[in-house]
Amino acid sequence: MISTRSVLRPCIARASLKPRLKSNPRSQTNNPIRLISATTIRTMPQFKLKDVTSLSLQPGDKQEVEVEGIEGGKVLLLNAGGKIQAMGPKCTHYGAPLVKGVLTKSGRLTCPWHGACFNGQTGDIENAPALDALPVFKTIEKDGGVYIEGDEAVIKAARRKPNFKCGVSGGAPANKVVVVGGGSGAIGAIEGLREKGFTGPITMISNEGYLPIDRTKLSKALITDPAKIQWRDDDWFKSGSVEVAHGEVVDVDLANKVVVTKSKEKYAYSKLILATGGSPRNLPMQGFKVLENIFPLRTIHDTKKIVEAIADKGKKIVIVGSSFIGMEVANATSAGNEVTVVGQESAPLERVLGKEVGAGLQKGLEGKGVKFHMSAGVDKAEPSSSNPSKVGSVYLQDGTKLEADLVVLGVGVAPSTEYLKDNKVIRLERDGSLKTDDNFLVAGLKDVYAIGDIASYPYHGPGGQGSYTRIEHWNVAQNQGRVVAHHIVNPSLKSEFFTPIFWSALTGQLRYCGNTVNGWDELVLQGNPGEGKFVAYYCKGETVVAMASMGVDPAMVQSAELMKLNAMPSKTELKGGLDILTVPLPA
């Protein structure tokens with residue numbers, strides 16, 4: 001049992017100390033008491049906002065302003081639900097200017113790039129992928145100007161860490177959460193638990209060998225140093241009493257509520273969150289499982305091998321699969337190498353984005369020297385004549401020979417649930433995923449959640465109609481982790497719908513939101529994908545179920561908010577040329 005002291009969080013409210021007077025008339029008369037406050041009240045410095053004379057913003061309005069007296073200092077002035085105040089001006093994810101984002105009249109502030117959402121009144125995180133919140137500064141009108149109160153260092157930093165510190169002694173399982181996995185979903189769940197006041201022990205078990213990273217950077221930039229893309233360090237997890245265990249889970253004993261690792265370590269839990277992500281698919285054709293220099297791409301270990309194989313460039317690289325991973329790797333490796341992409345579709349990403357958009361993206365990469373073999377099937381991989389242990393060429397089904405110093409596979413992932421296949425209680429879906437409810441509780445199980453690539457959940461976005469879908473997006477996994485955290489802390493809380501968001505680096509920055517779980521039957525295209533500036537709407541009947549854009553920020557996040565509010569324009573309106581950025585957000 002956890003003692004009361006063990007769950008006290010030093011970062012949560014402390015009792016205010018007030019001086020107490022003893023009722024002793026004589027002492028009060030003869031010896032006047034000097035009152036000494038138990039805590040020193042520090043006057044917060046004030047800084048004037050440049051060229052702002054009054055606070056006249058309407059609900060939903062915002063502006064970025066300079067802070068006088070602080071070099072480079074800026075804040076975002078906004079009216080969130082009738083409350084005017086100042087906040088950090090940049091998204092804490094990648095630093096996007098929030099003045100170019102979307103602010104609802106109720107006060108929901110969304111980054112223009114990747115969909116991170118903040119509460120416009122508190123600065124707290126509402127949606128992934130940002131982990132740090134925004135600082136909030138009080139505004140004061142005086143002497144014909146507007147001032148903010150705040151520390152110079154905080155104003156410059158423009159971010160604040162969430163409430164995470166927690167003192168927990170021991171590892172009693174009575175109120176313990178175990179998270180299996182070390183990716184986006186895992187960190188979303190862990191940070192969400194501490195932010196919402198969970199004070200029990202938490203253990204995260206990861207088989208990757210490093211702390212949670214920004215995995216999206218692997219295929220986009222081939223990062224090889226985990227420290228460069230690590231979200232949090234060891235001290236951060238220790239400060240929140242989160243035990244980080246490096247190991248591979250091989251079984252879950254549901255009867256005794258115990259997780260077992262390959263090294264026979266056992267971890268008891270009261271709540272279990274399965275967040276094991278996806279495993280890259282291989283090809284069953286000749287040569288692909290035995291030859292060296294054929295790489296999947298999922299971990300830092302994979303990028304290290306790819307970068308080592310490329311070495312001083314000048315390499316012939318064959319990428320099998322015109323998926324987002326394949327296309328991003330092509331973009332990242334095109335400079336100084338001969339890159340060829342092989343895809344089964346008639347255009348890259350045709351299944352997701354449509355032929356016209358895919359062809360436009362292909363044109364952009366061709367401009368960087370990337371070659372494409374589309375509507376093509378792979379036959380086999382042959383060894384190099386100089387080193388028979390390594391790949392030397394890839395043959396297509398039509399007989400075409402592609403010379404290769406290395407091959408990168410971008411042929412999709414499967415739910416990473418191998419450790420559950422022999423479990424007599426857990427039922428896997430045909431694709432290896434776990435079916436969940438709206439709170440991501442696994443169907444038929446108690447106290448077990450599944451999130452990320454392994455979760456099939458009911459989708460309630462436009463056109464979804466509650467159909468079960470599995471979405472392999474970074475943002476989705478992290479948001480699912482936060483939903484689970486909220487449910488563990490407050491099971492009566494109804495989960496709130498979030499619009500799935502995705503982004504990709506393909507010569508330009510591609511943005512995507514929504515989902516096509518029930519398909520789409522018409523594409524409404526505004527702009528030219530081949531020129532890197534367009535908005536594409538994927539429609540089922542009159543309903544827009546998904547959209548993609550490039551070079552038209554913040555069209556995607558505007559659409560995501562409209563989808564969330566069930567206020568997206570119809571197909572007919574968009575075919576008539578309606579600009580999504582002119583559509584007002586409901587109050």
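A cavity, on a 1 Å grid over the protein atoms alone, is a set of points where a 1.4 Å probe fits but cannot get out; a pocket is an open set with protein on both sides within 12 Å along at least five of seven lines, and lining residues have an atom within 4 Å of a point. Please keep in mind that this is a predicted model, where local features need pLDDT of at least 70 and side-chain atom pairs count only at pLDDT 80 or more, while totals for chains, interfaces and linings use all residues. Residues are numbered from 1 along each chain as its sequence is written, and side-chain values use heavy atoms, leaving out hydrogens and water.

The count comes to one cavity of 30 Å³ or more. Strand S6 (108-110), H10 and H11 each give two or more residues to the lining; helices (H or I, at least four residues) and strands (E, at least two) are DSSP runs, numbered from the N terminus. The largest share, three residues, comes from H11.

Nine of its ten residues are buried, so H11 is largely enclosed by the rest of the structure; buried means under 20% relative accessible area, exposed over 50%, and partly exposed in between (1.4 Å probe, protein chains only). Just after H11, Asn-566 takes a positive phi of about 55°.

Now turn to the second largest pocket, which holds about 600 Å³ of space. It has 24 lining residues, with Ile-125, Glu-126, Lys-196, Arg-482 and His-486 closest to its centre. Strand S8 (125-127) and helix H10 (474-489) each contribute two or more residues to this lining, and H10 gives the most, with five.

Finally, step back to the whole protein chain, which has twelve helices and 36 strands. Its radius of gyration (taken over C-alpha atoms) is 27 Å, close to the 25 Å that the globule rule gives for 587 residues, so the chain is as compact as a globular protein of that length. That rule is 2.2 Å times the number of residues to the power 0.38. Buried residues make up 52% of the 587.

Notes. Points joined across faces, edges and corners; volume = space filled by probe spheres on them.
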